[in-house]
2 protein chains.
Amino acid sequence: MSEHKTHKTINGVDVDQLFGTVDVIKDKPDVAKFKFRAQNRWVNGGHNRTTVKDFYGAGKEDTSRTKPFVFEEDEPPILLGEDHGANPVEYALTALAGCLTTSLVYHAAARGIKIDEVESKLEGDLDLRGFLGMSENVRNGYDNIRVTFNVKADAPKEEIEKLVELAQKRSPVFDIVSNPVPVSVKLEEKN
Amino acid sequence: MSEHKTHKTINGVDVDQLFGTVDVIKDKPDVAKFKFRAQNRWVNGGHNRTTVKDFYGAGKEDTSRTKPFVFEEDEPPILLGEDHGANPVEYALTALAGCLTTSLVYHAAARGIKIDEVESKLEGDLDLRGFLGMSENVRNGYDNIRVTFNVKADAPKEEIEKLVELAQKRSPVFDIVSNPVPVSVKLEEKN
């Protein structure tokens, strides 16, 4: 296997590198440990800005990114903002959409299934009374999120249905949204 | 109260509009029901693109946005991508950061507390063995997310600590991440 010179790529995913990563992690599980990060700064009202750049993974700080990804977050006027960017719950849908798609495409590649197109539409129901603290019976976040996929692939429908199931089964953001994640929040200690 | 002509703004938040919204929702709870949306299209490999524009709220389809917000999502090279954008779990941190900040700033405004600065740093631990399906004992998403706030405000430290607690108590994305959200995923039915 170490003689591989030409890399096999399916769906734009380097499958040899994918299986190579799995092999390395089998021997060294710590290689699988990543730390992802974000920094946020309030601008005004509902407008704030998140910056994403460095992360830790495969045993070291990753320095491959030369510049940060910068995201404007705001609320639309009806939610007292000025619409400088999508709002945070829309970013949550963005995270979920991208992660389900990537999970589907990567796991299809690992199975040798060529994908032609993947599209998805997401919709989440949110009742503002939660955020406003107006009712104990209303949660703050989404009550429910619906995702509809449209997948074209070189595979029978049953196989595509299995891929959509696999995407849910393996997607990190699907897990983050569907299951509880412990979040600790603290104020910085000043000296 | 209906005689208000000049709007009171704190932290860039129109507090009169905020309390006016609360009053309207008390009478008509359906005004609080929103539906947020996102569409995603796969590009290649780990690269896909999410578009956010329309939403439903306050009893109607909102048409105030003239153009969509477009987000490139990708993975860094070490995760087999080409780094065209932040990755989905980084978007999840972006959502959480923005939502905690907005919740803090809006609820401070409602309490008449003027905020000068809000900064936050987020870090989440993720073990790739979950995504790769290599261990039943490893979850796919974040094991843990740590948020550190730095808040400067015209208030004593105890009051700022209460605001940070209130941000967690009211933030929609904090709820989405900390607690389970039902997500239904289906394949589009073709005729």
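Predicted model: local features only at pLDDT ≥ 70, side-chain atom pairs only at ≥ 80, totals over all residues.
## Helix 1 of chain A

Helix 1 of chain A covers residues 15–27, a run of 13 residues. From its first C-alpha to its last it reaches 19 Å, close to the 18 Å expected at 1.5 Å a residue. The N-terminal end of this helix is capped by A:Asp14, which places a side-chain oxygen 3.2 Å from the backbone nitrogen of A:Asp16.

The buried residues of helix 1 are A:Val15, A:Asp16, A:Leu18, A:Val22 and A:Ile25. An α-helix has 3.6 residues a turn, so residues three or four places apart point the same way. The cover over the buried residues of helix 1 comes from both chains: it includes strand 1 (9–10), strand 2 (13–14) and helix 2 (88–110) of chain A, as well as helix 3 (128–131) of chain B.

## Helix 3 of chain A

Helix 3 of chain A, residues 157–170, has 14 residues. Its reach from first to last C-alpha is 20 Å, close to the 20 Å expected at 1.5 Å a residue. Buried in this helix are A:Ile160, A:Leu163, A:Val164, A:Leu166, A:Ala167, A:Gln168 and A:Arg170.

Within chain A, these buried residues pack against helix 2, strand 8 (115–127), strand 9 (142–153) and helix 4. From chain B, helix 3 and strand 10 (183–187) also pack against them.

## The largest pocket

The largest pocket holds about 400 Å³ of space. Its lining consists of 26 residues, and those nearest its centre are A:Ile78, A:Leu79, A:Leu128, A:Phe131 and B:Tyr106. By class, the lining comprises 20 nonpolar, five polar and one charged residues. Helix 1 (15–27) of chain B gives the most to this lining, with five residues. At least two residues each are supplied by helix 2 of chain A and by helix 1, strand 3 (33–44) and helix 2 (88–110) of chain B.

A:Ile78, one of the residues nearest the pocket centre, is found in the loop between strand 7 (69–73) and helix 2 of chain A. A:Ile78 counts as partly exposed because its relative accessibility is 27%, between the limits of 20% for buried and 50% for exposed. Leaving aside residues up to four places away in sequence, A:Ile78 touches B:Gln17, B:Phe34, B:Phe55, B:Gly57, B:Ala58 and B:Asp62.

## The largest cavity

A search of the whole structure finds two cavities of 30 Å³ or more. The largest cavity has a volume of about 260 Å³ and is lined by 19 residues. Nearest its centre lie A:Tyr106, B:Glu75, B:Leu79, B:Leu128 and B:Phe131.

Helix 2 of chain A gives the most to the lining of the largest cavity, with four residues. Helix 1 and helix 2 of chain A, together with helix 2 and helix 3 of chain B, each supply at least two. The lining divides into 14 nonpolar, four polar and one charged residues.

## The second largest cavity

The second largest cavity contains about 40 Å³ of space. Chain A lines it with A:Ala92, A:Val173, A:Ile176 and A:Val177, and chain B with B:Ala92, B:Ala95, B:Val173, B:Ile176 and B:Val177. Two or more of these residues come from each of helix 4 (172–178) of chain A, helix 2 of chain B and helix 5 (172–178) of chain B. By class, the lining has nine nonpolar, no polar and no charged residues.

Methods: Residues numbered from 1 in each chain as written. Chains lettered and ligands numbered in written order. Heavy atoms only, no water. Expected span 1.5 Å × (residues − 1). Buried < 20%, exposed > 50% of the residue type's maximum accessible area, 1.4 Å probe, protein only. Contact = heavy atoms within 4.5 Å. Polar contact = N/O pair within 3.5 Å; in protein donor to acceptor, adjacent residues only side chain to side chain. 1 Å grid on protein atoms, 1.4 Å probe; cavity = no way out; pocket = protein on both sides within 12 Å on 5 of 7 lines; lining within 4 Å. Points joined across faces, edges and corners; volume = space filled by probe spheres on them. Nonpolar A, V, L, I, M, F, W, Y, C, P; charged D, E, K, R; others polar.
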